[in-house]
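This report is meant to be read alongside the sequence and the 3D view. Please have both open before going on.

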Amino acid sequence: MSMQTALFNRKRGRESDGSARFSIHRAGGGSSVMARRGTGRLLHPADRRRRPPLLLLAARSCKDLLPRRRERRGEDRISALSDDLLLLILHRLDTRAALGTGSLSRRWAHLPRELPALDLRVSDILPPLYQRLVLFQRDIYSKGTDVQYRIGAMNGELMPNIRRYERRAMRALTRYVKIVLEADALRARRKLSKLKLEFFITPNTACINQLIAKSIDVWGVNDLEAVAKPFYWQRDVHEFPSHGLCKDTRVSCLQRLKLGGCVLPPLHGFNALTMLVLQDIPDSPAAAYEAVFTLCTKLQVLHLNSCRCSGDMVVVVDAPSSEIRELVVSQCRFRSMWLRALPSLESLASLDTRVLFESASFSCLRHWNISRDIGVALEGFRQFLAEYLELDLFLGCTPGITNLILRFTGPDRWIVPSTSPSFLLPNLRKLLVAELPSSWDVSWPRLLLETAPSLETLHIHIAPCSEKPGDEIPWEPTMLRHHHLKEFVMAGFDAAERQIYLVKFVMNLCTALRNVIMLKNAHAEEKGLWDWEMVMQQHSWTDEEKDSTLKQIMDSSSSTELIFG
């Protein structure tokens, strides 16, 4: 018997002499991994002494394993403990490990049902080798060598083993779900406060739907997360039964709900729901999203992440009785979202999604994080679409904003000055202009300063880019004076001409300015969605650099302190 075969049999037990094995060689040489057809068990030399995860052990048949352990190690003392002591142990384990103990014996099977929260994630069951195979497959495609490997390793060996691991993990997860359901059927009604589910999309997810329905209808769960994932390299979506998440929404105690990778189910009747997160929702009619705002009457927090609208339609939000205070719309494929009525809205994040206001009737709105990237670099682009790129179109209906994070990016500066400038942001106090491309005219935030008379803190982060510098804004002289700005920070400062211009303009315009901070190696790090801090890497300015910068900026009559960092 060869050394590889001996190592393989040591991990998997006795194999027949006719079992087929094959190897997958890494691109460019290196070691190989061994596998046995029919099991999908891949072995890498680094994995030979690694213990399999607990859930994988529990997923295998334990009837033959336990007697050998007892013969080898003696009496099973843990199972001899009382239920109270075992529950103390389970409370100190993560739920995945606690559920894995249910496969050891019938006595352990009912113990996980006493836990107040369940966290079942298929990604926890997948072995480390699965992740390495996925990274290996991505590496092949990223290097453009997929044509060479597609027929052999890709279709014949690599992808089948990735699929095999996914199917085995899903079978193990299904087995645990059935254990939970069967244990509950044999005993008194349980209570569950939180349920988190992550599963692969397969035709056999009836027990997953049953667990979700039972947790809402019977167990009184108030925090539910159900995320469906397609198999690697596929685009399937999960569909709930026709009745939706549960059979009777009137008895629901659900307060927080997160759904991902599934067709949007009906949400009417969840009257206790206060927080809803929708993620990776496939093409759905605009009316389905609009109904979320109007039917969930107690909803206060709504996040839409990477959701799609069928037909590239416009989503119109007209919910005058809504109690939504926090709205996040991130990387959604809508043509646009028009906000017509959302009277309680306080915090808004529109990230790479076009969100527009139909009116200025958002008196409670105080915090806004807006991110837009227009990836067009064409001669005359701004002139052709100038009326759609003025600052008024983005900020014209938000006079109550006090905190603003603004991220406008693209290969070419597309924002243009307003034809009729006015105080668009009369109540703005804190402003961050994040990731401003260095190829843009970095003095364009002057537009914001002139429209925010109450601004106290202005931070600008200039991000280096490879594009050629664009054209400059032909600024007109101004007699305006700003009496509230106290702190001005420019991160990514390298003493470029337009950077010097903006610093001098701010110092001349602002009468209350005390600190001007110029940071070379720094960036803005967001704290949540509506706050931030400047993170600085240590940098030493030479005396020559300081003297040269001071000569260009400082006025002999200025009392502002310049800080170099």
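## Overall make-up

The model is a predicted one. The protein has 565 residues, and 48% of them count as buried. Its secondary structure consists of 16 helices and 23 strands.

Contacts between residues at least 6 apart in sequence can be sorted by how far along the chain they reach. Of these, 69% join residues at least 24 apart.

## Strand S15 and its partners

Strand S15 covers residues 367-373 and is mostly covered, with 5 of its 7 residues buried. Strand S13 (residues 347-351) pairs with S15 in the parallel sense, over 5 bridges. In that pairing, Ser347 has His367 of S15 as its bridge partner.

S15 also pairs with strand S16 (residues 403-409), again in the parallel sense, and here there are 7 bridges. Trp368 stands opposite Leu404 of S16.

## Strands S10, S12 and S14

Strand S12 (residues 336-341) runs parallel to S10, to which it is joined by 5 bridges. Across this pairing, Val315 stands opposite Met337 in S12. S12 is joined as well to strand S14 (residues 355-357) by 3 bridges, and these two strands also run parallel. Trp338 stands opposite Leu356 in S14.

Val316 is found in S10, which spans residues 314-318. Is Val316 buried, exposed or partly exposed? Buried would require a relative accessible area under 20%; Val316 has 24%, so it is partly exposed. Leaving aside neighbours within four places in sequence, Val316 is in contact with Glu290, Trp338 and Arg340. Ala287 is 29 residues from Val316 in sequence, and their C-alpha atoms are 8.7 Å apart in space.

Which residues does Phe488 touch, leaving aside its neighbours within four places in sequence? Phe488 is in contact with Leu458 and Ile460, with Leu502, Val503 and Val506, and with Leu513, Asn515, Val516 and Ile517.

## The second largest pocket

The second largest pocket holds about 720 Å³ of space. Its lining is made up of 31 residues, and those nearest its centre are Pro230, Gln234, Arg235, Asp236 and Asp280. By class, the lining has 15 nonpolar, 8 polar and 8 charged residues.

Helix H8 (128-142) and strand S6 (223-229) each supply at least two residues of this lining. The largest share, 5 residues, comes from H8.

## The loop between S6 and S7

Trp233 lies in the loop between S6 and strand S7 (256-260). Its phi is positive, about 75°, although Trp233 is not a glycine. Trp233 has a relative accessible area of 54% and is therefore exposed, the cut-off for that class being over 50%.

Thr249 is placed in the loop between S6 and S7 as well. At 22% relative accessibility, Thr249 counts as partly exposed. Leaving aside neighbours within four places in sequence, Thr249 is in contact with His268, Gly269 and Phe270. Asp217 is 32 residues from Thr249 along the chain, and the C-alpha atoms of the two are separated by 7.7 Å.

Where is Glu435 placed? Glu435 is in strand S17, which covers residues 430-437. Glu435 has a relative accessibility of 37%, so it counts as partly exposed.

Note on methods
Residues are numbered from 1 along each chain as its sequence is written. This is a predicted model: local features need pLDDT of at least 70, side-chain atom pairs count only at pLDDT 80 or more; totals for chains, interfaces and linings use all residues. Side-chain values use heavy atoms; hydrogens and water are left out. Buried means under 20% relative accessible area, exposed over 50%, partly exposed in between (1.4 Å probe, protein chains only). Helices (H or I, at least four residues) and strands (E, at least two) are DSSP runs, numbered from the N terminus. Two strands pair if DSSP finds at least two bridges between them. On a 1 Å grid over the protein atoms alone, a cavity is a set of points where a 1.4 Å probe fits but cannot get out, and a pocket is an open set with protein on both sides within 12 Å along at least five of seven lines; lining residues have an atom within 4 Å of a point. Grid points are joined across faces, edges and corners, and a volume is the space filled by probe spheres set on the points. Ala, Val, Leu, Ile, Met, Phe, Trp, Tyr, Cys and Pro count as nonpolar, Asp, Glu, Lys and Arg as charged, and the others, Gly among them, as polar. Contact means heavy atoms within 4.5 Å.
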